[in-house]
Structures are given as structure tokens and as C-alpha cells.
Amino acid sequence: MIKLMKKEFYEFVKTKKLIAIIAIFIFFAISSPIMAKIMPEFIKTISIGITIIVPPPTWKDAFLQFFKNLNQMIFLILVLIFIGSIAEEKNRRTASLVVTRGVDRRVWVLSKFTFQLLLTISLSLISFFICYYYSVILFPDTEFFPSFSSLLLFLVYITFVISLTILSSSAGNNIIQAGGIFILVFIVLNILNIFPSLKPYNPVNLSSMETQWIVFGVDWNSAVKTVISSLILSIASLVCGMLYFNYQELE
Amino acid sequence: MTVIKTEGLSKYFGKKKALEDLNLEVPEGIIFGYLGPNGAGKTTTIRLLLNLARPTSGTAYVLGEDIRNGRSYLKKVGFLPDVPNFYNFFTAREFLSFIADISGIDNPEKKIGKILELIGLKNEKGRIGGYSRGMRQRLGLAQALLPDPELLILDEPTSSLDPQGRKEILDLICSFKGKKTVFFSTHILSDVERICDRIGILKEGRLLIEDNIEDIKKRYTRHRILIEVDDTEKLIEKVNGLSQIKSIERRNNNGLVLEVSDILPVQIDIPKIIVEENLILKKWEILEPSLEDIFLEVTNK
Ligand SMILES: Nc1ncnc2c1ncn2[C@@H]1O[C@H](COP(=O)(O)OP(=O)(O)OP(=O)(O)O)[C@@H](O)[C@H]1O
Ligand SMILES: [Mg+2]
């Protein structure tokens, strides 16, 4: 398991994926509070003649910006990088090379998931603290509790997303198929939101909850259902991905 | 001990019967050549034996283990795929360390060095991504050999090698005789003739023949003689009267290939005719059946 994860890590280093991800995380960590600070000034300077009333920026704007970036750019980049992890190894037949060496197929999938999760969680934490640091400098009244609570929500959300990429990647035979499956599941989850009774259990709502907590304050009680169901669904899709890969035929 | 034993092993892809009712036994320590034209089902058989694909019906026992029940035998098997692909970001040495890691080999450095030398990749420092097909095939063999397996399953191991490399690799495979069991598929009949103890010929998913090379040759031996004389017409005229002649075929300008039912009397009678008719004998050769003749005969039926 550790040996398989070591290979994943080495691959990320050698193919420069690691450095790219780190750079992106750090870029958004630093730019979010700075953008929040200078944006209103910027709007003022370009709107000569018209008076636009821009409220002074607060720490909330910094973290709203930060979580927007996590949920859009970083989400997209992580999915793009992780989605091929199993499917492309099947396509290139390196998967069969490893499993014919007697490596347990389920362990192989689990090692990919664990590596991706650990990488994402550690980078999210690092970039959160960088963002927090700059935010405190620019907005001395920055509050830790709501922003960190939102980060925890994000970690739950991204755990679900990674387990879904593992499942998609295990089901698809190449990166395109895997991506298609992932998008399909994601669209279905968003459609399911039209049923109000299902809404509290739908992991996709975690991302909007993050910004709500920043704006209106932390409310763990209302999030319990979503968090628990997201974690259960994460485990379920990871296990499905492992079992399906174990069962399927490889080239 | 029987290293590979298949019982009614079959694999269908939808309606397509890639492999049908294969019954095969490969005893320990031999080199088994698995032959067949394109699409015969060789790779399919290998995928089944390695548990990469599941049989539609029937089963196989590899190193005593039923392939349907477990995968632990894979640790004792080395596999070279038909189109070897590796992680391109590794160098050969790094890749072999990774294989050693997941195969549970301790302190593999010395072993890796030895194998790289054996396989002719010792001086390759670059990434695998830049390797030629032949180099990949060599590396594929290296990773198959690294865990010192009891059984080697090689899918067309020499298909992209140059003549020199082919000889080296065949000599290497040959050196395993008696120590490891080798099951390899190929189209290259001269390779098979050179190193195999036993062969199976597959066509359209069915095993047509399986036996020792010697026995197959005996079974398919047709007695043929190549004769070259100055006046072939005369010889044909005279030879036609002999009862043992089954067919006469012209070859080149003044050559004849005679197929005979019994070679001994003919070897006395024809020289007599040549002497009597004052013909000039330029060439006299008893033709051995080559594996290629047998392969073509068996697969064209
Ligand atoms: N995954 C698959 N799906 C559908 N058909 C397949 C699949 N794999 C193999 N086949 C079919 O099974 C038959 C046997 O293929 P196989 O690859 O075993 O042949 P082969 O003997 O290895 O041929 P070659 O000498 O060209 O390597 C072919 O007709 C092929 O089209
Ligand atoms: Mg093949």
C-alpha cells in the first residue's frame, strides 16, 4: 500500500503535476484576500463620474473569494488531474502489469484514493492557513472559527468528489469515459436538488453552505445530515470503485 | 507436476468465440510454444491464465491453483504482454525497483543490475518514454524475470527484436529449460523450432494439435526428394512408372520435387534410372518437413 502510494507520489513529482497543484493552491490562497482588498478600490478608480457605493471590504470578502476559488478552479483542476488515475492506467495497460504481479486490485484502488485524499487535504490546509495569514494582515478583525468551519465543510465535500472520481475512473476505460461518467453523476446530483426532501442529504449543497457560513455564521446543526450522508456516500462510491475494478476484465 | 492445465477453457466476446474448449497441459520445466495465425486466440488464452479476463466456461489450473478461485499464484508467474507499456516517467532501473517493491523483493539492487545486464539495458539511463519498441520488449522481459518466477508467460516475446537481439533473447529463454516453465506465443516458427519442446497450434479459437515437436514432425512427415538433372522431361517420363511416386512438382528450371510413399526403394530405383538414361545429376536432397510446412498444412485444413 505504502509502496503503491510512493509510486503515485513519484509520478506526481516526475510529471510536474505536484508542482502545478501546489502552485495553484498557493496562488489562490494569497490572491483571494488581496483581491478582496483592492477590488473595491479598483472599481472606484474605473468608475469616474458615476458614484457607485461600494461597501468597505471585510475579512468575509476575502474568504468568500477563497472558497469560490476552491469550489471552481481548484475543484476543476483536481478532477481533471485525478479523473484519469485508474482509467488511463487501464487504457495504457499499466494496470494489468501491476495486478499480474499479484497486487490486490482493491488495495491498488485504495492506494490511489488515499494518496489523492491526503494530498488534497494537506494542500487545502496549507492554503487555508496562508489565506488566513494574509487575511489577518489586511483585515485585523478576521475570524478564525467560521472560516475554519467552512474549510471543514470543504474537506468533506472534496472527499466526496475524490471518491466519485475514483468510482468514475474505475468504471471508465479511458479518461474521456471516466470524465463523462463523473459529469453525468454530478448533473444527476444537481437535478435531485429539486426534491426538497432529498436536499439535506445531497453532498453538492456543501459548497453553497460554505459561503453561507461565512456570511451568516456557522450552523453545524443544519449541516449534520449533509455531512454524514456525504461521508457515507464517499465510502460507498470508494467501495464500489474498488469492487468494480476487482471484478472487471483488463486488457 | 503440471504447471498449466486447462479444462474446456472457453471465452466468448458476445457471439464471437475467441477460445473454445481448450484442453491443454504444460508439464514442468519445458518450453511450450503456442502458435496460431492472427486472431486465433493466443492473447485471449494468456489473459485468461493471468486472471485478467474470466472464462465463459471451463477453467484452468496454474501452478495447481484454480484461476477462478484466487490470484495468489500470480506472485510466482512472470508475464510479458504483447505490447509492453510501462510508466513513461520512470527510468528502467526505477521501474524495476518499483516492480521489486510490489513483488516483495528485499534488497533488489544487485538483482536489478544483473538483470539489466542480462537483458542488454544496462547503459540506458533515460526515461522509458523514449524507448524503442525493442527496448520496451527487453524491459518487459526484465520485469517478468525479476521476481524469479516459476512460470514465464510471454506473449510474442521476440516480435520487435532485431536478429541479434532475437538470438540473445531466445538463448536466454532456452537457458531456463529444466529450471522454469515457459509458455510463449509467437508467429515466428523458426524461433519455435529452435527452442521449444512442445507446441500447440491454435486456429479460430480451437486447438488443432498439441504434442512434442519430434512427434509432430514424425506424424506429418511426408517423404519428399528434390532432384535436379539436366533433362527433367526424360526423368519425369521414367519415374512416372514407379509405384511409390505420389506426386511430381516442378521447381525452378530443372528441379523436381517428388513426393513418395516409401523412401527406401525410391532411393535405389531413381539413381538407377539416372544412370541408365545417362542423365547428369546436379542435386539430390531429401527434404525434411519444416515446422512452417506443418503449420501451413494444419492451419489450412
Ligand atoms: N476484448 C475483446 N472484445 C471482443 N473481441 C475480442 C476481444 N479480445 C479479443 N477478441 C477477439 O478474439 C479473437 C482472438 O483474439 P486474440 O487477441 O486472442 O488473438 P491472437 O491469437 O493473440 O492474435 P495475434 O496473433 O494477432 O496477437 C479475435 O478475433 C479478436 O477479435
Ligand atoms: Mg496476440
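# Briefing: chains A and B of a predicted model

The accessible surface of chain A comes to about 11900 Å², and 74% of that area belongs to carbon and sulfur atoms; accessible areas come from the Shrake-Rupley method with a 1.4 Å probe, and for residues only the protein chains shown count as cover. This is a predicted model, in which local features need pLDDT of at least 70 and side-chain atom pairs count only at pLDDT 80 or more, while totals for chains, interfaces and linings use all residues. Residues are numbered from 1 along each chain as its sequence is written, chains are lettered from A and ligands numbered from 1 in the order in which they are written, and side-chain values use heavy atoms, with hydrogens and water left out.

**Chain A overall**

- Chain A has 10 helices and 0 strands, where helices (H or I, at least four residues) and strands (E, at least two) are DSSP runs numbered from the N terminus.
- Along the principal axes, the C-alpha atoms of chain A fill a box of roughly 70 × 45 × 35 Å.
- Of the 251 residues in chain A, 48% are buried; buried means under 20% relative accessible area, exposed over 50%, and partly exposed in between (1.4 Å probe, protein chains only).
- Among contacts in chain A with a separation of 6 or more, 80% join residues 24 or more positions apart; a contact means heavy atoms within 4.5 Å.
- Chain A carries 19 positive and 13 negative charges, and their mean positions are 7 Å apart. Lys and Arg count as positive and Asp and Glu as negative, with His and the chain ends not counted; the place of a charge is NZ of Lys, CZ of Arg, CG of Asp or CD of Glu.

**Nonpolar cores**

- The largest nonpolar core has 149 residues, and W108(A), F95(B), L139(B) and F183(B) have the most contacts inside it. Such a core is a set of buried Ala, Val, Leu, Ile, Met, Phe, Trp, Tyr and Cys residues joined through side-chain atoms within 4.5 Å.
- Helix 7 (residues 144–171) of chain A supplies the largest share of this core, 12 residues.
- A second, separate core has 17 residues, including V229(B), L256(B), L258(B) and I273(B).
- Neighbours within four places in sequence aside, L139(B) is in contact with F86(B), A92(B), F95(B), L96(B), L121(B), I128(B) and Y131(B).

**Strands of chain B**

- Strand 9 (residues 198–203) of chain B has 5 of its 6 residues buried, so this strand is largely enclosed by the rest of the structure.
- Strand 9 of chain B runs parallel to strand 3 (residues 31–35) of chain B, joined by 4 bridges; two strands pair if DSSP finds at least two bridges between them.
- Strand 9 of chain B also pairs with strand 10 (residues 206–212) of chain B, in the antiparallel sense over 6 bridges.
- R198(B) in strand 9 stands opposite F32(B), and its bridge partner in strand 10 is N212(B).
- Strands 9 and 10 of chain B form a hairpin with 2 residues between them, and E204(B) in the turn has a positive phi of about 45°.
- An open sheet of 4 strands in chain B has the order 2-1-4-5, with antiparallel pairing. Its edge strands, each pairing on one side only, are strand 2 (16–27) and strand 5 (65–66) of chain B.
- Within chain B, strand 1 (residues 2–13) and strand 4 (residues 57–62) pair over 5 antiparallel bridges, and I4(B) has V62(B) as its bridge partner in strand 4.

- Helix 1 (residues 42–49) of chain B is mostly covered, with 7 of its 8 residues buried; among them are I46(B), R47(B) and L48(B).
- Most residues other than glycine have a negative phi, and most peptide bonds are trans.
- K16(A) is not a glycine but has a positive phi near 65°. K16(A) lies in the loop between helix 1 (2–14) and helix 2 (17–46) of chain A, and counts as exposed at 56% relative accessibility.
- D148(B), also not a glycine, has a positive phi of about 55°, and is placed in the loop between helix 4 (133–145) and strand 7 (151–155) of chain B.
- P84(B) is in the loop between strand 6 (77–80) and helix 2 (92–103) of chain B, and counts as buried because its relative accessibility is 9%.
- Not counting residues up to four places away in sequence, P84(B) touches R136(B) and Q137(B).
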